[in-house]
Amino acid sequence: MAQAERLEVSRTRLPEWLVEGLLRLGESVIALLVGLLVGAIIMYLSGYDAVEAYKSLFGMSLFDSYGLTGTLSFTAPIMLTGITFAVGVRAGLFNIGAEGQLYMGALGAVLVAWLATYKIRLLDSVLGTLFAYTIGVVLALVWAYIAGILKVKRGVHEVVSTIMLNWIAFWIVEYFRVYVVYNPEDPSKTISVPTHARLPLLVPDTELSATIIVSILFSLFVYYLLWYTVTGYELRAAGLNPLAARYAGIKTEKAIMISFLVGGIASGLAGAGEVLGRPPHYAITTGLSNLYGLGFDGITVALIGANHPIGIIFAAILVGALKSGARYMQIYAGVPLEMVRVVEGVIIVALAVPGTLRMLREYLRRRRELAELQKG
């Protein structure tokens with residue numbers, strides 16, 4: 001029997017989802033190896049020991065108990081912002097608004113912290129935690145709704161609207177940080193969340209809080225929503241082919257709005273969680289430095305995880321390990337911060353390439369099918 005026939009037989013014996021998953025895993029492993037190789041070459045040419053650097057990066061971030069808690073704390077927000085991007089892709093959108101929605105989620109949590117400190121002492125409790133999450137999600141939902149309504153009612157492309165909304169959110173939050181909810185004892189940050197309203201640390205004296213539980217539970221919820229509900233089916237159908245979905249009676253505008261709103265909830269949880277559960281600040285720092293980029297990191301996570309909520313959980317852990325391990329490259333291997341950022345960027349870009357190509361192919365396929373339907 002020819003090898004191709006044997007592969008075909010073995011393929012037919014395996015469930016399609018398993019074959020697809022193994023192929024995606026293989027792509028990611030090859031991409032990771034390429035990224036590590038390129039990063040090693042860059043470090044070697046710059047005079048640094050790449051082997052020692054990678055031992056520090058992965059050894060500490062994945063196989064050391066303290067380092068692993070750091071990895072998971074970095075994982076929590078980017079898992080949620082990855083969900084924001086992935087849900088958009090499933091609905092046929094390129095929603096890059098997670099960054100601004102995350103800012104608004106963080107602002108909501110800080111506003112509640114300000115109330116708990118100066119106005120309503122009752123909020124310095126679990127009640128304050130829940131209220132902060134609620135206000136953060138509501139503000140993020142408003143931001144997602146604006147992008148959604150512009151898309152549905154005015155046809156404004158989501159890339160244009162979300163980029164503008166990201167910057168508007170940035171300056172709104174900066175304004176509040178400087179003029180409204182500033183910390184009178186430390187002007188480099190907002191007021192901190194009171195002690196009893198903070199999320200509990202899962203491991204004492206580490207950065208790992210209950211935000212990781214919130215992130216995983218919400219990712220599993222989105223998986224159930226997309227694959228086991230009528231709403232999720234309609235959302236995915238609208239993304240695969242909006243014209244065919246419309247002919248089948250699916251309200252594509254409704255599906256688009258739902259995708260924006262689900263994404264807004266995810267980013268709002270991420271932003272509020274960063275304020276409620278991230279020591280030592282429990283606040284928003286100058287220039288939003290403790291929040292900046294977490295929304296865009298979610299795009300990378302979603303691409304690595306094939307825009308699937310389960311894949312995103314594991315992809316977020318991998319990217320979280322790179323982010324957490326980067327500081328150990330500095331401490332134990334003596335690699336300067338600038339070089340660490342270059343290597344980290346190379347690895348992340350390499351990991352995102354397969355997902356980007358896959359998404360581009362899907363986009364071209366969808367355009368081709370739409371053109372054929374419109375001709376018919």
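Me: On the other side of α8, which residues are exposed?
Reply: Leu217 and Tyr228 are exposed there, where exposed means over 50% relative accessible area, buried under 20% and partly exposed in between (1.4 Å probe, protein chains only). This is a predicted model, in which local features need pLDDT of at least 70 and side-chain atom pairs count only at pLDDT 80 or more, while totals for chains, interfaces and linings use all residues. Residues are numbered from 1 along each chain as its sequence is written, and side-chain values use heavy atoms, with hydrogens and water left out.

Me: And which ones in α8 are buried?
Reply: Thr211, Ile212, Ser215, Phe218, Ser219, Val222, Leu225 and Leu226 are buried.

Me: What covers them?
Reply: The cover includes α4 (65-90), α6 (126-154), α9 (230-240), α11 (252-277) and α13 (309-333), helices being DSSP runs of H or I, at least four residues, numbered from the N terminus.

Me: Switching to glutamate 174: buried or exposed?
Reply: Glutamate 174, which lies in helix α7 (residues 158-180), counts as buried because its relative accessibility is 11%.

Me: Which side chain does its own side chain make a polar contact with?
Reply: That of arginine 177, at 2.6 Å; a polar contact is a pair of N or O atoms within 3.5 Å, and within protein one must be able to donate a hydrogen and the other to accept it, while residues adjacent in sequence count only if both atoms are side-chain atoms.

Me: What does glutamate 174 touch, leaving aside neighbours within four places in sequence?
Reply: Gly287 and Leu288 are in contact with glutamate 174, meaning heavy atoms within 4.5 Å.

Conventions: Helices (H or I, at least four residues) and strands (E, at least two) are DSSP runs, numbered from the N terminus.
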